[in-house]
Number of protein chains: 2
Amino acid sequence: MEFSSKLLEQAVYEMSQLPGIGKRTALRLVLHLLRQSESHTEHLTQALTKLRTEIKFCKNCHNISDVELCEICSNPNRDASLVCVVEDVRDVMAIENTSQYRGQYHVLGGKISPLDGIGPQDLTIHSLVEKVKAGEIEEIIFALSSTMEGDTTNFYIYRQLEQYKIKTSTIARGIAVGDELEYADEVTLGRSILNRIPFENSLKN
Amino acid sequence: MEFSSKLLEQAVYEMSQLPGIGKRTALRLVLHLLRQSESHTEHLTQALTKLRTEIKFCKNCHNISDVELCEICSNPNRDASLVCVVEDVRDVMAIENTSQYRGQYHVLGGKISPLDGIGPQDLTIHSLVEKVKAGEIEEIIFALSSTMEGDTTNFYIYRQLEQYKIKTSTIARGIAVGDELEYADEVTLGRSILNRIPFENSLKN
């Protein structure tokens, strides 16, 4: 792409550094900003700068937060002895949306992924182990995505915690509510049969 | 979506104001920036701010430019008597990429679109008419997209210029090179037969 302006080229380049944004999309977004008033661009850049420079992470669960201790961790109605281990803030939001969970979270900040150069020391695993060591936690629920990296991370944490004799569980894998059996993949369907639950339990939800 | 942080919510909101970016995509982009170093966000916001505040438009063709008179308009090898009317900078880039055109451009900045509240006075039509009135232009090529709005804009400009007796043309519509006839729409195929060209001409390209 040949640009008629260096400023335009630079803006498109920086925009296209975002994941999933190619050069053409970046150009479309940047031209959109040019068509809008200057205050539009100002609001966007200010919000991004403010977020990046002032963002805090909850000292207990490491979730993104505006204060030292996030709303969930400081809520006395949440069960602090039950901790759900998730990858990032989006997982917390997804689980909170279900209104089914009354425990706390522990946000790892990623998954162990040697290919991307992410090792256990890049995640908040140490702080989770410390919390368990201090005897604050009774049960840990693993809720990472079931990929190679997610399974590796689960297993790594599981081995770290083994000696402390706490309960560990993982979210149920199975056929999604409303899905047709014939379109399910074999692994999921197989697991959903192996890990079947008493019929009465399914009546409760 | 419930956010654990107002800063995050604000950044996601501003990002989702961009066209084609929904809340989920905005969240993904913003979280990406949070995972990168602060300088990443700085570079992005600086490039956008610089573009929005310092951008110039060529005083002759109204294309985006860093200087008063853009590279194309100031190039003595380009034919100033031949002007291609386009919608925006992307069309200029697309035509320049073909290396087939040696004239100049006139960037309208949009199309006449009553539904979006864009009238002739919002575009650079007046300045095009002035150029024609001054006798600088011999031929005008309409290269707007062939939509209702594009056709309306073409026709509006055509009527404005009628009295000056200059040559007006429009880019050829037809079956794209490499396309199969059976998949072409009827309007395009019909026009490509009506506006057929001498076979010898097709050998030149």
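Predicted model: local features only at pLDDT ≥ 70, side-chain atom pairs only at ≥ 80, totals over all residues.
User: Through which surface do the copies meet?

Analyst: Compare the interface residues of the two chains. For chain A, 100% of them are also interface residues in chain B, so the copies meet through the same surface. Each side is listed by count: 49 residues from chain A and 49 residues from chain B.

User: How much area do chain A and chain B bury between them?

Analyst: The size of an interface is often given as the accessible area lost when the parts come together. For chain A and chain B that is about 4,900 Å², and 71% of it is on carbon and sulfur atoms.

User: What about salt bridges and polar contacts across the interface?

Analyst: The salt-bridge rule finds zero between chain A and chain B. Polar contact gives 12 residue pairs, both partners at pLDDT 80 or more.

User: Which elements of chain A supply the side that touches chain B?

Analyst: Five elements each give at least two residues: helix H1 (6–15), H2, helix H3 (38–54), strand E2 (64–65) and helix H4 (89–98). H3(A) brings the largest share, 13 residues. By class, that side of chain A has 23 nonpolar, 14 polar and 12 charged residues.

User: Take one residue. Is His32(A) buried or exposed?

Analyst: Read the relative accessibility against the cut-off. Buried means under 20%. His32(A) is at 16%, so it counts as buried. His32(A) sits in helix H2 (residues 23–35) of chain A. Beyond its neighbours within four places in sequence, His32(A) contacts Gln17(B), Leu18(B) and Pro19(B).

User: And where is Ile118(A)?

Analyst: Ile118(A) is in the loop between strand E4 (103–107) and helix H5 (125–133) of chain A. Its relative accessibility is 27%, so Ile118(A) counts as partly exposed. Setting aside neighbours within four places in sequence, Ile118(A) contacts Lys111(A), Ile112(A), Ser113(A) and Leu123(A).

User: How far apart are Ile118(A) and Gln46(A)?

Analyst: Check sequence and space separately. Ile118(A) and Gln46(A) are 72 residues apart in sequence, and 30 Å apart from C-alpha to C-alpha.

Notes
Residues numbered from 1 in each chain as written. Chains lettered and ligands numbered in written order. Heavy atoms only, no water. Contact = heavy atoms within 4.5 Å. Helix = DSSP H or I, 4+ residues; strand = E, 2+ residues; numbered from the N terminus. Buried < 20%, exposed > 50% of the residue type's maximum accessible area, 1.4 Å probe, protein only. Buried area = accessible area lost by both parts, 1.4 Å probe. Salt bridge = Lys/Arg side-chain N within 4 Å of Asp/Glu carboxyl O. Polar contact = N/O pair within 3.5 Å; in protein donor to acceptor, adjacent residues only side chain to side chain. Nonpolar A, V, L, I, M, F, W, Y, C, P; charged D, E, K, R; others polar.
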